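Subject: Structure for your files

Hello,

Here is the structure we spoke about.

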Amino acid sequence: METMVKVSGTDEVWAEDTGGSGTPLVLLHPGVGDSSLWDGVLPGLAARHRVIRYDVRGYGRSPAPTARYSLVADLAAVLDHFGIRRAVLAGSSMGGSAALSLAVADPGRVAGLALFVPGVTGYEGLEPAGFVQELERLATAGDTEGIVALGLGIWGRAGTDGDPHAAAALRAALRGWFTNHPHQVPDAPVFDRLGEVTAPSVLALGELDQPEVVRCNEEMAARIPGCRLVRLAGSDHFPTLREPEAVTAVIEDVAAGVG
């Protein structure tokens, strides 16, 4: 079932609920794409679980924001809309950051964490040297394809033959990049509080990802109590495109350990 979920102000986000029983799985997409990046994973999960996914404001089928918002507040609003008290959160990149923010702010709502190339608030140094300046130059010139090429060179290193699927995901995400910036409020720093995470956790990094992200992910896994670190040898910052079977296996592993 697809629906629009009211968040703060008059804003809404698009969401999908497959239905089913048991502890729900909530899929949180990265900033380099929208919830369609879970398309290769969703059918297998939905055959055994209730699965919910949604598009962050400005991404995919969600309208651009008109009010100030935070990722973790919107995540909580989506859970509330569907009457979910406790869920397994599977988050990629930006989605992983939101999942960790909720796990620290409201641990009772998080039954387990499956984190893929996750971001985290409170960690500095993830942007490659000169990235912001080059992004601003390309944006000023209106060079959308230049921005896509820039992003693929950083986050899409596993791609071949023009990497059409990752390129399309990144191209579609640009609307969210530029419409959300004036409205999004950063969530509280979490990196130095990762030791407070109580949910069973698996963190999967992409060995072909941006080196700064790989290093950050290694440090994150070491700080999260009991976290199992998985290294995806064929993945960059698009693990659901590169290794969907491995992504599904990680999520199923976390879900299997949840009571």
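This is a predicted model: local features need pLDDT of at least 70, side-chain atom pairs count only at pLDDT 80 or more; totals for chains, interfaces and linings use all residues.

Helix α2

Helix α2 spans residues 71-81, and eight of its eleven residues are buried, so the helix is largely enclosed by the rest of the structure. The buried positions are L71, V72, D74, L75, A76, A77, V78 and L79. Their cover includes the strands β1 (2-6), β2 (12-17), β3 (25-28), β4 (51-54) and β5 (87-92), together with helix α3. After α2 comes G83, which has a positive phi near 65 degrees.

Helix pairs

The axes of α2 and α3 approach within 9 Å and cross at roughly 75 degrees. With that angle, α2 is roughly perpendicular to α3. On the α2 side the contact involves L71, V72, L75 and L79, which meet M94, A98, A99, S101 and L102 of α3. By class, this contact has eight nonpolar residues, one polar and no charged.

A second pair is formed by α4 (residues 131-140) and α5 (residues 144-155), whose axes also come within 9 Å but cross at roughly 155 degrees. Angles over 145 degrees count as roughly antiparallel, and α4 and α5 are therefore roughly antiparallel to each other. From α4, the contact uses F131, E134, L135, L138 and A139; from α5, it uses G146, I147, L150, I154 and W155. Eight of the residues in the contact of α4 with α5 are nonpolar, one is polar and one is charged.

R57

R57 sits in the loop between β4 and α2. Is R57 buried or exposed? Its relative accessible area is 0%, so R57 is buried. Apart from neighbours within four places in sequence, R57 is in contact with V7, S8, D11, V13, S62, P63, P65, A67, R68, Y69, D74 and N180. One of these, D74, is also among the buried residues of α2. V202 lies 145 residues from R57 along the chain, and the C-alpha atoms of R57 and V202 are 27 Å apart.

Cavity

How many cavities of 30 Å³ or more does the structure hold? There is one. The lining of the largest cavity divides into seven nonpolar residues, two polar and one charged.

The largest pocket has a volume of about 1500 Å³. It is lined by 39 residues, of which G31, M94, E127, F131 and Q184 are the closest to its centre. Helices α3 (94-105), α4 and α6 (164-180) each supply at least two residues of the lining. The largest share comes from α4, with five residues. By class, the lining of the largest pocket has 22 nonpolar, 13 polar and four charged residues.

Regards

Note on methods. Residues are numbered from 1 along each chain as its sequence is written. Side-chain values use heavy atoms; hydrogens and water are left out. Axes are lines fitted to C-alpha atoms, for helices over the stretch in contact, and angles run from 0 to 180 degrees between N-to-C directions. Helices (H or I, at least four residues) and strands (E, at least two) are DSSP runs, numbered from the N terminus. Angles under 35 degrees count as roughly parallel, over 145 as roughly antiparallel, 65 to 115 as roughly perpendicular and the rest as oblique. Contact means heavy atoms within 4.5 Å. Ala, Val, Leu, Ile, Met, Phe, Trp, Tyr, Cys and Pro count as nonpolar, Asp, Glu, Lys and Arg as charged, and the others, Gly among them, as polar. On a 1 Å grid over the protein atoms alone, a cavity is a set of points where a 1.4 Å probe fits but cannot get out, and a pocket is an open set with protein on both sides within 12 Å along at least five of seven lines; lining residues have an atom within 4 Å of a point. Grid points are joined across faces, edges and corners, and a volume is the space filled by probe spheres set on the points. Buried means under 20% relative accessible area, exposed over 50%, partly exposed in between (1.4 Å probe, protein chains only).
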